[in-house]
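Please look over the model below before reading my comments. They are meant for someone who has not seen it before.

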Amino acid sequence: TEATGYGNVYFLQNMLTTRGIDIAGKRVAISGSGNVALYTAKKLLSLGAKVISLSDSDGAAIFPDGLTQELFDEVFDLKTLYRGRISELCEAHPDSCKYFPRERPWKHVEKVDIAMPSATQNELDASDARALLDAGCFAVSEGANMPSTPEAIAELQKARILYAPGKAANAGGVLVSGLEMSQNAEHLSWTFEEVDGKLEQLIRGMFHNVDDTAKEYGQEGNFVMGANIAGFLKVADAMLAQGVC
């Protein structure tokens, strides 16, 4: 259950490294409160980042001073055990949480360094992208499938911030499924820590493949193009290896 959220954070860390940025202390806006969002938040908190938002289909919760470990534990139980709504957390902690019904978080974060859309498709549009940029956002890493509209992506790329498309950044779940298949085929049993370590290593290798491909084709820092070309070449090479031309 941790794979996609943890993997997105690992991809983000590798992307930040290209500009010498440490994730510790950075203000991160997350959308959603399902497995991807919750485990993204959990990993970020363990790395010293400040999580400043979560959301669900009813609205957005903003944490101006950051999500404390106690609040995270409460929202984790609220969502995973009781299937509650994010509004309940804000009602219980009005001094720590601001609730915006029927809203996404992007236009309500006053100062943000990183955005990690982790809820649903097309949840971040061009106006949201501009709001994030105005609030100081310098990196976006996608946890959901295609959460940014084409117009939003154009805004982010025009601003030349770090942008990781979901086709690469949220691949952690697929990678760990592959690890599960390996365990089954070889009759192995790995600990959680071993699987997490392998996930981090695989994400690092994938990021460098994306980064190197972008550089090779004259688009350094364009991780969308790097992911597109690297993905195409992987499929094309596999087809050629099978005699398909």
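1. The model is predicted, not experimental in origin. Everything that follows should be read as a description of that predicted model.

2. The sheet is open and has 7 strands in the order 4-3-2-1-5-6-7, with mixed pairing. Strand 4 (98-101) and strand 7 (162-164) are at its edges; each has a single partner strand, so one side of each lacks a neighbour in the sheet. On average, neighbouring strands are turned by 15° against each other, direction ignored.

3. Which residues of helix 5 (residues 126-134) are buried? They are Ala126, Asp128, Ala129 and Leu132. Viewed down the axis of helix 5, the buried residues fall within an arc of 160°, so they line one face of the helix. In general, an α-helix has 3.6 residues a turn, so residues three or four places apart point the same way.

4. The buried residues of helix 5 pack against strand 5 (114-116) and helix 6 (150-158). Just after helix 5 comes glycine 136, with a positive phi of about 100°.

5. The whole structure contains 1 disulfide. Cysteine 90 and cysteine 97 form a disulfide, with 1.9 Å between their sulfur atoms. Cysteine 90 is buried, at 6% relative accessibility, and cysteine 97 is buried too, at 5%. Cysteine 137 also counts as buried, with 5% relative accessibility.

Terms used: Residues are numbered from 1 along each chain as its sequence is written. This is a predicted model: local features need pLDDT of at least 70, side-chain atom pairs count only at pLDDT 80 or more; totals for chains, interfaces and linings use all residues. Side-chain values use heavy atoms; hydrogens and water are left out. Two strands pair if DSSP finds at least two bridges between them. Helices (H or I, at least four residues) and strands (E, at least two) are DSSP runs, numbered from the N terminus. Axes are lines fitted to C-alpha atoms, for helices over the stretch in contact, and angles run from 0 to 180 degrees between N-to-C directions. Buried means under 20% relative accessible area, exposed over 50%, partly exposed in between (1.4 Å probe, protein chains only). The arc is that of the directions from the helix axis to the C-beta atoms. Contact means heavy atoms within 4.5 Å. A disulfide is a pair of cysteine sulfur atoms within 2.5 Å.
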